[in-house]
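Trainee: I am new to this structure and would be grateful for a guided look at it. May we begin once it is displayed?

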Amino acid sequence: MSKFYDIEVLDAKGEKVSLSEYKGKVLLIVNTATGCGFTSQYEGLEKLYQKYKDQGFEVLDFPCNQFGNQAPGTEEEIQSFCTLKYKTSFRLFKKIEVNGENESPLYTFLKSQKGGVMGDKIKWNFTKFLIDREGNVVERFASTTTPEKIDKKVAGLL
């Protein structure tokens, strides 16, 4: 079994969620921000989610305020913003840190599996990790990679 499924995270309400809930699903894990130049990617993420959710695809949204203070709101404010502006319906989790001493164990694991251009560090908001149905980290995408460019890769894992 993948160590990925041993990880627990907190949802937007602060409730523990075991990633084992997602066994057998293809996941796209994204560190997001509501005030970022890439924030409009929420629209593409929602389209991707709607297109493939019935085939076992999930987008896991982890707001992160580590880059330019671009996710300053509470989880409720972030949820409201995303729902109203981008009609998002995928799952929002508690705000996390993706680098440094307080980084989420999820991101410690993700970065250990797929380094990036800055080694293991997450460079900016909207870095994406694609996880297969067995909990393997298949690919890491930079912030500049739009959800539309990931579509074929998601489809290939479904």
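Mentor: Lysine 47 and glutamate 43 form a salt bridge, with 3.6 Å between the closest N and O atoms. A salt bridge here is a side-chain nitrogen of Lys or Arg within 4 Å of a carboxyl oxygen of Asp or Glu. This is a predicted model, in which local features need pLDDT of at least 70 and side-chain atom pairs count only at pLDDT 80 or more, while totals for chains, interfaces and linings use all residues. Residues are numbered from 1 along each chain as its sequence is written, and side-chain values use heavy atoms, with hydrogens and water left out.

Trainee: What separates lysine 47 and glutamate 43 along helix α1?

Mentor: Helices (H or I, at least four residues) and strands (E, at least two) are DSSP runs, numbered from the N terminus. Helix α1 covers residues 41-52, and the two residues are four apart within this helix, so the separation is about one helical turn.

Trainee: Is lysine 47 buried or exposed?

Mentor: Buried means under 20% relative accessible area, exposed over 50%, and partly exposed in between (1.4 Å probe, protein chains only). Because its relative accessibility is 53%, lysine 47 counts as exposed.

Trainee: Which residue forms a salt bridge with glutamate 58?

Mentor: Glutamate 58 is in strand β4 (residues 57-63), and its partner is in the loop between β2 and β3, 33 residues apart. The closest N and O atoms are 3.6 Å apart, and the partner is lysine 25.

Trainee: How many residues apart in sequence are the parts tied together by glutamate 21 and arginine 91?

Mentor: The side chains of these two residues meet in a salt bridge (3.4 Å, N to O). Glutamate 21 lies in the loop between β2 (16-18) and β3 (26-32) and arginine 91 in strand β5 (residues 91-92), so the parts tied together are apart in sequence by 70 residues.

Trainee: How are α1 and α4 oriented to each other?

Mentor: Two packed helices are described by the angle between their axes and the distance between the axes. Helix α4 (residues 147-157) packs with α1 at an angle of about 25°, their axes being 9 Å apart. Axes are lines fitted to C-alpha atoms, for helices over the stretch in contact (heavy atoms within 4.5 Å), and angles run from 0 to 180 degrees between N-to-C directions. Angles under 35 degrees count as roughly parallel, over 145 as roughly antiparallel, 65 to 115 as roughly perpendicular and the rest as oblique, so α1 and α4 are roughly parallel.
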